[in-house]
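Let's take a walk through this fold, one contact at a time. Have the sequence and the model open side by side as you read.

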Amino acid sequence: MHNSPDRLPIQYPTPEPQRMKRQHTPRYYAHRVRESLTTRVSKLFCTIFLGLLLILGMVAFILWLSLRPHRPRFHIHAFTVPGLNQETGFENAEITFNATARNANHDIGIYYDSMDGSAYYKDQRIGSISGLLPPFYQGPKNTTIVAGSFTGATLTVNSQRWMEFINDRSRGTVVFRLEFSATIRFRIQSWDSKRHRMHANCDVDVGQDGLILPVSKDRRCPVYFT
């Protein structure tokens, strides 16, 4: 038959050649299995290693918390200025005090090489006791009484200073500061720390009768090192 000149020729798509599936050898599959096992083993080791690091970190943190030494705790309990209501009281001036130093650590002791005491009024030192306490060891969870008095050569109060006391007394309160200083070492098991210079500052409000006011009684004194 002859094609009519009015009809378009029909083109049929050429079929694509069929791709042949690649055949893998047993060696290929063995290699893939080894790679999978290696990846799994590596992940397992990484997990174990990170877990051990976490456990060791937690143990170290707990040990640090348990062995970290806490500063001594000082509290002022009594502070008396006899004769504060007398204008001539400076002739026999005296300041007595009673405080405590506590070692709040559970397993750590404290060595005190010595302890000194000072009394201040308006940031001016008016009394000083060297060797308030001799060297001593304070065991864990132990409290030591620190008591003494400033009088005579250990108290420097003249008539002018005493009148300042009297003027403050007329206003209701005389404010003093009691300072304890000592060189201490912490005892952890059989190891001693380096020496630290410790200071405890106790602000004391004294009433018109020369006795410590309730607001200051049993007050905790800030402690710092230099």
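**Salt bridges around one aspartate**

The side chains of arginine 195 and aspartate 113 meet in a salt bridge, at 2.8 Å from N to O. A salt bridge here is a side-chain nitrogen of Lys or Arg within 4 Å of a carboxyl oxygen of Asp or Glu. Arginine 195 sits in the loop between strand S8 (191-192) and S9, while aspartate 113 belongs to strand S3, so this contact ties together parts that are 82 residues apart in sequence. Before going on, keep in mind that this is a predicted model: local features need pLDDT of at least 70, side-chain atom pairs count only at pLDDT 80 or more, and totals for chains, interfaces and linings use all residues. Residues are numbered from 1 along each chain as its sequence is written, and side-chain values use heavy atoms, with hydrogens and water left out.

Helices (H or I, at least four residues) and strands (E, at least two) are DSSP runs, numbered from the N terminus. As for accessibility, buried means under 20% relative accessible area, exposed over 50%, and partly exposed in between (1.4 Å probe, protein chains only). On that scale, arginine 195 counts as exposed at 53%, and aspartate 113 is partly exposed at 22%.

Which other arginine forms a salt bridge with aspartate 113? Arginine 185 does, with the closest N and O atoms 3.7 Å apart. Arginine 185 lies in strand S7 (residues 174-188) and aspartate 113 in strand S3 (residues 108-121), so here the parts tied together are 72 residues apart in sequence. Arginine 185 is buried, with a relative accessible area of 18%.

A search of the whole structure turns up ten salt bridges. Among them is the one between arginine 171 and aspartate 168, whose closest N and O atoms are 2.9 Å apart. Arginine 171 is exposed at 66% relative accessibility, whereas aspartate 168 is buried at 13%.

**Strand S7 and its partners**

Now follow S7 itself. This strand is mostly covered, with 13 of its 15 residues buried. To read its pairings, note that two strands pair if DSSP finds at least two bridges between them. S7 pairs with S3 in the antiparallel sense over eleven bridges; if you want a spot to look at, alanine 119 has leucine 178 in S7 as its bridge partner.

**The disulfide**

Cysteine 202 and cysteine 221 form it, with their sulfur atoms 2.0 Å apart. Cysteine 202 lies in strand S9 (residues 196-206) and cysteine 221 in strand S10 (residues 219-221), so the bond ties together parts that are 19 residues apart in sequence. The torsion about the S-S bond is about 110°, so the disulfide is right-handed. Both cysteine 202 and cysteine 221 are buried. Cysteine 46, by contrast, is partly exposed, at 47% relative accessible area.

**The sheet that includes S10**

Where does S10 sit in its sheet? Four strands form an open sheet in the order S6-S2-S1-S10, with antiparallel pairing. Strand S6 (142-151) and S10 stand at the edges with a single partner strand each, so one side of each is left without a neighbour in the sheet. Strand S1 (residues 73-80) is joined to S10 by three bridges, the two running antiparallel, and isoleucine 76 stands opposite arginine 219 in S10.

**A last stop on helix H1**

Finally, turn to leucine 52, which lies in helix H1 (residues 26-67). Leucine 52 is partly exposed, at 48% relative accessibility.

Conventions:
A disulfide is a pair of cysteine sulfur atoms within 2.5 Å.
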